[in-house]
Amino acid sequence: MHRSAPVRDTDESELSVTAPKTQAAGVTAVTVALNHAVGEMGVLRTARTLARVNQRHGFDCPGCAWPEPAGHRRPAEFCENGAKAVAEEATLRTVGPEFFARYSVRELADKSGYWLGQQGRLTRPMVLWPGKTHYSPIDWADAYRLIAVALRGLSSPDEALFYTSGRTANETAFLYQLLARSFGTNNLPDCSNMCHESSGTALTGSIGIGKGSVSIDDFEKADLIVVAGQNPGTNHPRMLSALQRAKAAGAKIIAINPLPETGLIGFRDPQTVKGLTTGVQIADDFLQIRLGGDMALFQGLGKLLFEAEDSAPGTVVDREFVDRHAAGFEAYERHMRAVDLALVEEATGLTREQLERTAARLAGSKATILCWAMGLTQQRHGVATIEEGTNLLLARGMIGKPGAGVCPVRGHSNVQGDRTMGIWEQMPETFLAALDSEFGITSPRKHGHDAVDAIRAMRDGHAKVFFGMGGNFVSAAPDTDATESALRNCELTVHVSTKLNRGHVVHGTMALILPTLGRSDLDLSPTGTKQQVSVEDSMSMVHLSTGRLRPVSEHLRSEVAIVCELAQELFGPGHPVPWNEFRHDHDAIRDAIARVVPGCVDYNERVRHRDGFQLPHPPRDAREFHTTTGKANFAVNDLHWLPVPQGRLILQTLRSHDQYNTTIYGLDDRYRGIQQGRKVVMVHPDDIAGLGFAEDDLVDLVSEWTDGIERRVTGFRLVPYPTPRGNVAAYYPETNPLVPLDHVAERSNTPVSKAVTIRLEPASSPAGAQP
């Protein structure tokens with residue numbers, strides 16, 4: 001089954017740049033997806049595997065959390081990047097003990113994340129003993145024993161961190177948080193802390209639940225869909241099909257983004273005959289907003305809606321909804337009427353005509369959906385910005401009606417399910433009390449560390465064991481030098497992984513790599529029973545996922561097995577949680593979930609329904625708002641925006657098209673016209689000239705922050721690009737070193753990766769491979 005892996009690393013000297021594309025998907029996407037899949041899996045494995053992606057009785061795509069349609073599903077219910085994600089997991093390449101014998105940890109640390117990921121699936125548990133240069137094999141029992149000894153040796157349970165990514169299934173997430181709380185800590189940082197935490201914080205305050213209020217069916221019932229700070233063509237390509245159907249049903253679509261994103265310009269649906277040759281224009285309006293201008297935009301639109309209400313009383317503000325279901329409207333109205341539209345134009349870079357046309361679309365729509373992603377959440381005032389967008393919907397009564405509502409688009413499969421299952425450092429008392437009652441444990445009540453605070457705790461010596469359940473914490477976290485230094489300060493780092501990543505070479509005094517099954521892999525219990533897991537999509541639908549591929553190694557364990565076996569070693573046979581039963585029977589886990597997690601009654605029965613089941617959402621279902629006031633809350637926020645300092649630029653980090661989160665599938669960003677390279681910075685041509693540079697110059701990017709620390713990445717190529725003046729874009733994780741650890745969003749503590757002040761300097765070193 002083994003195939004040799006490529007050994008050639010990134011060579012930035014081969015980078016080439018062409019004009020950005022104007023059409024997404026189509027025949028090219030099909031060709032690229034199939035070539036990538038066949039290259040990783042071979043022809044037969046590709047055919048068998050892709051036919052099961054997102055299908056009933058198949059497995060959930062390990063990529064994004066976009067929901068599957070109810071009813072009929074197309075034969076290829078996946079996108080180009082979904083095919084890449086599946087191929088990455090189901091690859092025939094393997095990494096065994098001989099690989100680690102060949103490469104020292106120091107040698108691996110000099111490789112790029114792309115190279116590490118391309119080596120293949122991990123096949124054996126590996127340990128890096130203190131002072132050793134190479135990982136060596138270890139059996140599972142000894143690995144668990146090492147972890148248990150390290151955990152029991154801590155002076156406090158709060159010296160342990162239990163991180164997880166969105167790839168974990170509901171069953172794993174539920175058991176993982178149960179293990180952490182049984183141990184005595186709420187230190188459960190997760191990837192949501194670094195992406196949609198601002199959404200959850202804002203929505204919980206505004207409508208009483210930190211989730212979106214729409215379903216996939218609402219898109220075809222909407223009159224207006226606003227897509228802000230999001231790039232569906234690369235990050236959630238199946239969303240383009242939903243937008244296309246909405247267009248066909250008569251919806252207008254507004255795209256709000258600093259960069260013109262190809263998928264929102266034109267889309268060719270590769271699963272229709274017409275779509276193979278003819279594109280559909282998705283966005284009716286494109287508002288090219290300046291970085292950090294979204295709050296100003298939403299407040300300006302609020303002012304214009306009140307002016308429209310003055311001109312035609314009773315036609316714009318939904319007084320019935322406001323009077324019956326909302327609180328704080330009068331203060332919001334006073335605040336909006338005082339907004340200075342000239343300041344809004346300056347902050348957004350938009351014209352008065354664009355603002356007025358957008359306000360007119362909002363005022364005339366009977367059903368509006370607001371979608372957003374990292375472009376809003378990873379701002380200093382991201383929570384307030386999302387509150388302002390929600391304010392617009394509340395004023396128009398666009399919550400709890402068909403075709404309308406809030407839609408934070410989650411970026412990782414089951415990241416929302418993790419939170420539902422208890423992966424949060426500050427779960428409410430009702431959840432903890434139910435957990436304690438079910439299992440006879442005493443959960444800690446002291447709030448734990450989120451992702452940023454976890455880094456600080458490791459840095460300051462307050463956390464000594466880091467346990468990562470999936471993900472690539474090092475490459476996902478901000479301030480790479482600070483993050484790596486913090487992890488190296490640990491006594492033990494443990495990573496449950498399918499493939500190599502940067503976290504395996506940035507380690508504590510001792511380190512373990514525990515290889516796990518992927519979504520596509522067949523999971524058999526010790527008695528030979530085929531196990532299923534469940535996941536929650538971005539719209540609160542919960543459904544089963546069943547892998548069928550023969551695992552690449554007999555030494556792999558499922559994530560559920562790893563949690564249960566570790567718990568048995570850690571707590572011993574007298575622990576009240578039935579870990580051995582859970583290890584053997586996932587239905588038993590789901591029965592426990594049904595008794596603990598709100599909305600999960602009869603979980604085992606309902607999850608086996610044809611399309612699974614939808615978790616309750618009081619604002620959507622009954623216009624009930626479980627907030628401090630018992631109503632939907634209008635928020636009042638001072639206006640903040642991002643002026644560009646003289647001689648400086650504002651950086652946003654983003655993904656390439658050959659990338660999903662921190663996993664890099666290839667070296668092209670096809671839609672943006674960038675091939676065979678990643679160390680680029682996209683800058684407006686006038687800014688390049690104005691700063692004394694020329695196209696293709698190599699530069700260093702240096703971030704400036706109030707702590708006075710110089711953060712620098714070197715050897716980036718200047719690429720002229722149609723960005724707003726003063727705003728630039730570059731890929732992460734290469735530019736994560738520029739994001740200061742303490743540069744976080746107010747109230748959510750989310751790293752601010754969309755508003756980093758930088759300066760450009762002539763390159764101090766040539767472009768090349770960079771881990």
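This is a predicted model: local features need pLDDT of at least 70, side-chain atom pairs count only at pLDDT 80 or more; totals for chains, interfaces and linings use all residues.
**Helix crossing, sheet edges and a buried helix**

Trainee: What makes H25 mostly covered?

Mentor: Buried means under 20% relative accessible area (1.4 Å probe, protein chains only). In H25, 10 of its 13 residues are buried, among them Val560, Ile562, Leu566 and Leu570.

Trainee: Why is H8 called roughly perpendicular to H21?

Mentor: The axes of H8 (residues 170-183) and H21 (residues 429-439) cross at roughly 85 degrees. Angles of 65 to 115 degrees count as roughly perpendicular, so H8 is roughly perpendicular to H21.

Trainee: Which residues in H8 and H21 meet?

Mentor: Contact means heavy atoms within 4.5 Å. Phe174, Gln177, Leu178 and Arg181 in H8 meet Phe431, Leu432, Leu435 and Phe439 in H21.

Trainee: How do you know that S18 and S19 pair?

Mentor: Two strands pair if DSSP finds at least two bridges between them. S18 and S19 (residues 541-545) have four bridges, in the antiparallel sense; Val535 has His543 in S19 as its bridge partner.

Trainee: Why do S18 and S20 stand at the edges?

Mentor: The open sheet has the order S18-S19-S20. S18 (533-536) and S20 (613-614) each have a single partner strand, so one side of each is left without a neighbour in the sheet.

Terms used
Residues are numbered from 1 along each chain as its sequence is written. Side-chain values use heavy atoms; hydrogens and water are left out. Axes are lines fitted to C-alpha atoms, for helices over the stretch in contact, and angles run from 0 to 180 degrees between N-to-C directions. Helices (H or I, at least four residues) and strands (E, at least two) are DSSP runs, numbered from the N terminus. Angles under 35 degrees count as roughly parallel, over 145 as roughly antiparallel, 65 to 115 as roughly perpendicular and the rest as oblique. Buried means under 20% relative accessible area, exposed over 50%, partly exposed in between (1.4 Å probe, protein chains only).
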